[in-house]
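This report concerns a single protein chain. Please consult the sequence and the coordinates shown here alongside the text.

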Amino acid sequence: MDQVVLSDPIGTIGYIDPEIEKTKGVTYKSDIYSFGVVLFEILCGREAYIENETNRSLARLARKHYENNTLKDIIKPDLLNQIWSPQALLKYSNTAYSCL
């Protein structure tokens, strides 16, 4: 059973679950969303939110690239060169995306 705690949305830009705006409350899923953002931060080597940048929201950018099968375009190049298993990248990116 999902419990919703009603409150004003607070948190750090880039990590806040967009569903909070719709439900006006938080659930455990809100934390899972934030965890997905952190996973993509690690994979892409960039912050969750960059002010004054076209693609300021990493979550939105990651979702778009994941859905278009172009995720390799935003993965940090140094990290991409170190990934020895395509299956490991697939599992990691599937997990991060499912959190979002």
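## Overall architecture

The structure is a predicted model. The chain contains 5 helices and 2 strands, and their order along the sequence is β-α-β-α-α-α-α. Along the principal axes, the C-alpha trace extends over about 45 × 35 × 20 Å.

Of the 100 residues in the chain, 31% are buried. The chain exposes about 7000 Å² of area, of which carbon and sulfur atoms supply 54%. Where contacts link residues at least 6 apart in sequence, 42% of them join residues at least 24 apart.

In soluble globular proteins, nonpolar side chains tend to be buried together. In this model, the largest nonpolar core comprises 17 residues, and V37, F40, L43, L71, I74 and L100 have the most contacts inside it. Helices α2 (28-44), α3 (58-67) and α5 (86-99) are the elements that give two or more residues to this core. The most comes from α2, which gives 6 residues.

I74 is one of the residues with the most contacts inside the core. Leaving aside residues up to four places away in sequence, I74 touches C44, L61, A62 and H65.

## Helix α5: S93 and T95

Two residues of helix α5 are considered here: S93 and T95. S93 counts as buried because its relative accessibility is 5%, under the 20% cut-off. Beyond residues up to four places away in sequence, S93 touches F40, Y66 and L71. Two of these partners, F40 and L71, are among the residues with the most contacts inside the largest nonpolar core.

T95, in turn, has a relative accessible area of 40% and is therefore partly exposed. The side chain of T95 reaches the backbone oxygen of K91 at 2.8 Å. T95 and F40 lie 55 residues apart along the chain, and their C-alpha atoms are separated by 9.9 Å.

## A nonpolar patch on the surface

Which residues form a nonpolar patch on the surface? The patch consists of F35, V38 and I42, which together have about 270 Å² of accessible area.

F35 counts as partly exposed because its relative accessibility is 46%, a value between the limits of 20% and 50%.

N69 is placed in the loop between α3 and α4 (77-82). With a relative accessibility of 73%, N69 counts as exposed, since the cut-off for that class is over 50%. The backbone of N69 has a phi near 55 degrees, a positive value in a residue other than glycine. Most residues other than glycine have a negative phi.

Where is W84 found? W84 occupies the loop between α4 and α5. The relative accessible area of W84 is 78%, so this residue is exposed. The C-alpha atoms of W84 and N94 are separated by 17 Å, and the two residues are 10 apart along the chain.

Terms used:
Residues are numbered from 1 along each chain as its sequence is written. This is a predicted model: local features need pLDDT of at least 70, side-chain atom pairs count only at pLDDT 80 or more; totals for chains, interfaces and linings use all residues. Side-chain values use heavy atoms; hydrogens and water are left out. A nonpolar core is a set of buried Ala, Val, Leu, Ile, Met, Phe, Trp, Tyr and Cys residues joined through side-chain atoms within 4.5 Å. Buried means under 20% relative accessible area, exposed over 50%, partly exposed in between (1.4 Å probe, protein chains only). Helices (H or I, at least four residues) and strands (E, at least two) are DSSP runs, numbered from the N terminus. Contact means heavy atoms within 4.5 Å. A polar contact is a pair of N or O atoms within 3.5 Å; within protein, one must be able to donate a hydrogen and the other to accept it, and residues adjacent in sequence count only if both atoms are side-chain atoms. Patches are made of residues with over 30% relative accessible area and no salt bridge: like charges are joined within 9 Å, nonpolar side chains (Val, Leu, Ile, Met, Phe, Trp, Tyr) within 5 Å. Accessible areas come from the Shrake-Rupley method with a 1.4 Å probe; for residues, only the protein chains shown count as cover. A salt bridge is a side-chain nitrogen of Lys or Arg within 4 Å of a carboxyl oxygen of Asp or Glu.
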